[in-house]
Amino acid sequence: MLAPWSYPRPMKIHEYQARDLLSSYNIPVPAGRMITSVEDATSAFKQVTQGQHKPFAVVKAQVHAGGRGKAGFVKLVRTPEEATEAARFMLSNRMKSPQTPPEGLEVKRLLIAAAVDIADRPAQGNATPAKEEFYLAITTDRATRRNVLIASREGGVEIETIAHQRPDAIIKERLHPLLGLQPFQAREVAARLGLSGKLANQAADVMLKLSKLYIDKDCALAEINPLVIALDAAPSGGVGVPPASASVLAIDAKFNFDENGLIRHKDIAQLADPSEENPAEQRASKFGLTYIALDGNIGCLVNGAGLAMATMDVINLHGVTPANFLDVGGGATEEAVTEAFSIILSDKHVKGVLVNIFGGIMNCETIAKGIVNAATNYKNPDGSIGFKVPLVVRLEGTNVQAGRQLLENSKPKLPTLQTATDLTDAAKKVCSAVGK
Ligand code: GDP
Ligand code: MN
């Protein structure tokens, strides 16, 4: 049986949890507190700004998506009243960014953190003045099959654009598989980021700690963006010269964890926030099914990851794209198959369903029973019963005759059902059924 964990689906955590994790590795982060209600904004503001040179804070939406700054969900506040107002706005509006679904995400948690006075970057020519914001991340580079440290002087909110338009602004340093990031590499990267002296040492130290964290916790991504040069006091050394008390600080972080590693990291596993997960994916995992949401309009029910990929390729070739795929694995019961159908159909983008099963361990008759059950009992949004969208089924393998017979016998009850002889035939039928 193909286990659901064969799919690399990283577990994500919130920024406030990521900051705690950085702290536990002695990577410096500003004071912060997570709140879930507007009423707590005042006390959180006072708590995190206590003893600050400038008692300012940032209110930040905690959702499993980035691009918050540009969406207005990272807000600098100067008083408890401003903090309360920002909290009210964020907790009552959905956050929309290029990284969220079009309808946005509900914000249920906020981080109120001490604001940081970021040093100005010395102006170069007539370029627009910038702040000292850097990008740092560790991830796995599939091409070189090594973990890699990625760093850039152009950190902040535009890193994806920079990576596309100016790849030379991105530094990559491969990690040795056994030794990990070496101190000399970290120092070299710090120098290439334009840092020197104490700040270079601090940045190199952050890189080494981040790479240790990455390995220790079986991360898939450990990212700090931005790592900033923070000013503690008014600059004393003239324009563009950071004061003696300047230091590096991580003010935003993102972690993805390899789900396969969670079994040995109970501390990480318990950070999961199920309310941030795709509800259909959660429903599927309860039945031991794997559901992956995509953005086309054909729902695909398959068994096995390889067959899922092949199915998507073939329907793409015929001009339609998958809305999702649901892998029932090898040992699915009739109930699970019934559930699988209703999950696929809960996606309102689905205009047609393609079932492509190659029964090795999976019994085709079980699939057929599940299909007939689900399709005949399916409750449409308008209340009527019975499957309305085109349904194309291709069955092959164990007990296929019984499965096909059952489908044949059920055709009078299932007017939208067509059977297919092979995958190409199935792809053609589902394409023409949805008008492609
Ligand atoms: P993201 O947009 O979701 O990545 O959220 P970030 O936490 O990275 O914030 C986006 C941008 O807001 C950062 O790149 C900074 O330019 C700015 N920002 C965030 N926190 C602070 C802060 O404490 N002080 C200052 N001056 N700027 C901040
Ligand atoms: Mn960020």
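Start by selecting the six strands that form an open sheet of mixed pairing, in the order β13-β15-β14-β16-β17-β18. Two strands count as paired if DSSP finds at least two bridges between them, while strands (E, at least two residues) and helices (H or I, at least four residues) are DSSP runs numbered from the N terminus. This is a predicted model, where local features need pLDDT of at least 70 and side-chain atom pairs count only at pLDDT 80 or more, whereas totals for chains, interfaces and linings use all residues. Residues are numbered from 1 along each chain as its sequence is written, chains are lettered from A and ligands numbered from 1 in the order in which they are written, and side-chain values use heavy atoms, with hydrogens and water left out.

**The sheet and its helix**

Colour β13 (290-293) and β18 (417-419) next: each has a single partner strand, so one side of each is left without a neighbour in the sheet. On average, neighbouring strands here are turned by 15° against each other, direction ignored.

Now move to β16 (residues 352-359) and β17 (residues 391-397), which pair in the parallel sense over seven bridges. Pick Val355 and you will find its bridge partner in β17, Val393.

Then show helix α11 (residues 334-345), which lies across β13, β14 (298-302), β15 (322-327), β16 and β17. Helix α11 runs at about 160° to β14; axes are lines fitted to C-alpha atoms, for helices over the stretch in contact (heavy atoms within 4.5 Å), and angles run from 0 to 180 degrees between N-to-C directions.

Asn225 is buried at 8% relative accessible area, whereas Asp252 is partly exposed at 21%. Buried means under 20% relative accessible area, exposed over 50%, and partly exposed in between (1.4 Å probe, protein chains only).

**Salt bridges**

How many salt bridges does the structure hold? There are 20, each a side-chain nitrogen of Lys or Arg within 4 Å of a carboxyl oxygen of Asp or Glu.

- Lys54 and Asp117 meet at 3.0 Å, N to O. Lys54 sits in the loop between α2 (41-49) and β3 (57-62), and Asp117 in strand β6 (residues 117-118), 63 residues apart.
- Glu154 and Arg166 meet at 3.8 Å, N to O. Glu154 lies in the loop between β8 (146-152) and α5 (159-165) and Arg166 in the loop between α5 and β9 (170-174), so the pair ties together parts 12 residues apart in sequence.
- Arg404 and Glu396 have their closest N and O atoms 3.2 Å apart. Arg404 is partly exposed at 31%, as is Glu396 at 25%.

To see a network, select Glu15, Arg19, Lys60, Arg68 and Asp252, joined by salt bridges that share partners.

**The cysteines**

Finish with the cysteines: a search of the whole structure finds zero disulfides, a disulfide being a pair of cysteine sulfur atoms within 2.5 Å. Cys364 is buried, at 0% relative accessibility. For Cys431 the nearest cysteine sulfur is also that of Cys300, 10 Å away, and Cys431 is buried at 2%.
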